[in-house]
Amino acid sequence: SYACQSFHRLDKDWRDTVRNGTNYFAYVYTDRPIYRPGQPVYISSFVREVREGRYFTPAAETEYTLEVTDASGNRVFEKTAIKDAAGIVSGEFTLDAGDDLPRGNYNVTVSVGEQSFTRVFVVSSYRKPTFKVDAVAEKPAIFSREALNVNLTGSYFFGAPLKNAKA
């Protein structure tokens with residue numbers, strides 16, 4: 001998904017929406033939406049200048065800032081004075097592996113001029129699932145107060161059936 005400024009509201013005066021100076025649009029993304037402590041985070045964004053409803057590559061001397069803040073609001077990564085003729089902003093860093101790393105939503109912010117664009121990713125302690133469960137209804141539709149019968153099958157992701165599992 002993309003990130004854009006939240007002040008673009010049409011129920012307000014149009015002068016709040018159309019700003020003087022250069023306007024930008026940015027698409028900010030990470031390589032995935034959720035991370036575990038100790039994993040690398042890869043961030044990328046492309047920025048475009050918006051003029052009369054059309055997108056253009058920003059001027060080569062345009063400077064960008066990339067910042068990541070943790071769930072507590074502390075800055076965990078920053079890259080400043082980025083210049084790229086194509087408007088590409090990227091960075092990578094590795095999350096701390098310790099138990100004291102804050103879990104929750106982390107904000108990736110790309111700033112250009114007076115505008116900022118933010119994307120969120122999650123840091124959580126999780127374990128990849130090793131099996132899956134499929135549920136298939138015996139009938140495609142049922143009526144009110146009619147019993148719903150479902151056949152459950154479980155299997156490991158490497159293909160073996162899940163034995164002695166209880167529903």
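Author: A search of the whole structure, which is a predicted model, finds six salt bridges. Take the pair Glu63 and Lys83 to begin. Their side chains meet in a salt bridge at 3.8 Å, N to O. Glu63 lies in strand S5 (residues 63-69) and Lys83 in strand S6, so the pair ties together parts that are 20 residues apart in sequence. Glu63 is partly exposed, because its relative accessible area is 42% and the exposed class starts over 50%.

Next comes a network. Salt bridges link Glu67, Arg75 and Glu78. Arg75 meets Glu67 side chain to side chain, at 2.7 Å from N to O. Arg75 also forms a salt bridge with Glu78, where the closest N and O atoms are 3.6 Å apart. How accessible are these residues? Arg75 is exposed, with a relative accessible area of 52%. Glu78 is partly exposed at 39%. Glu67 counts as partly exposed too, at 22% relative accessibility; the buried class is under 20%.

Now the setting. Five strands form an open sheet of mixed pairing, in the order S2-S9-S8-S5-S6. Strand S6 (75-83) is an edge strand and pairs on one side only. The other edge strand is S2 (34-35). Strand S2 pairs with strand S9 (residues 115-123) in the parallel sense, over two bridges. There, Tyr35 stands opposite Val123 in S9.

Conventions
Residues are numbered from 1 along each chain as its sequence is written. This is a predicted model: local features need pLDDT of at least 70, side-chain atom pairs count only at pLDDT 80 or more; totals for chains, interfaces and linings use all residues. Side-chain values use heavy atoms; hydrogens and water are left out. Two strands pair if DSSP finds at least two bridges between them. Helices (H or I, at least four residues) and strands (E, at least two) are DSSP runs, numbered from the N terminus. A salt bridge is a side-chain nitrogen of Lys or Arg within 4 Å of a carboxyl oxygen of Asp or Glu. Buried means under 20% relative accessible area, exposed over 50%, partly exposed in between (1.4 Å probe, protein chains only).
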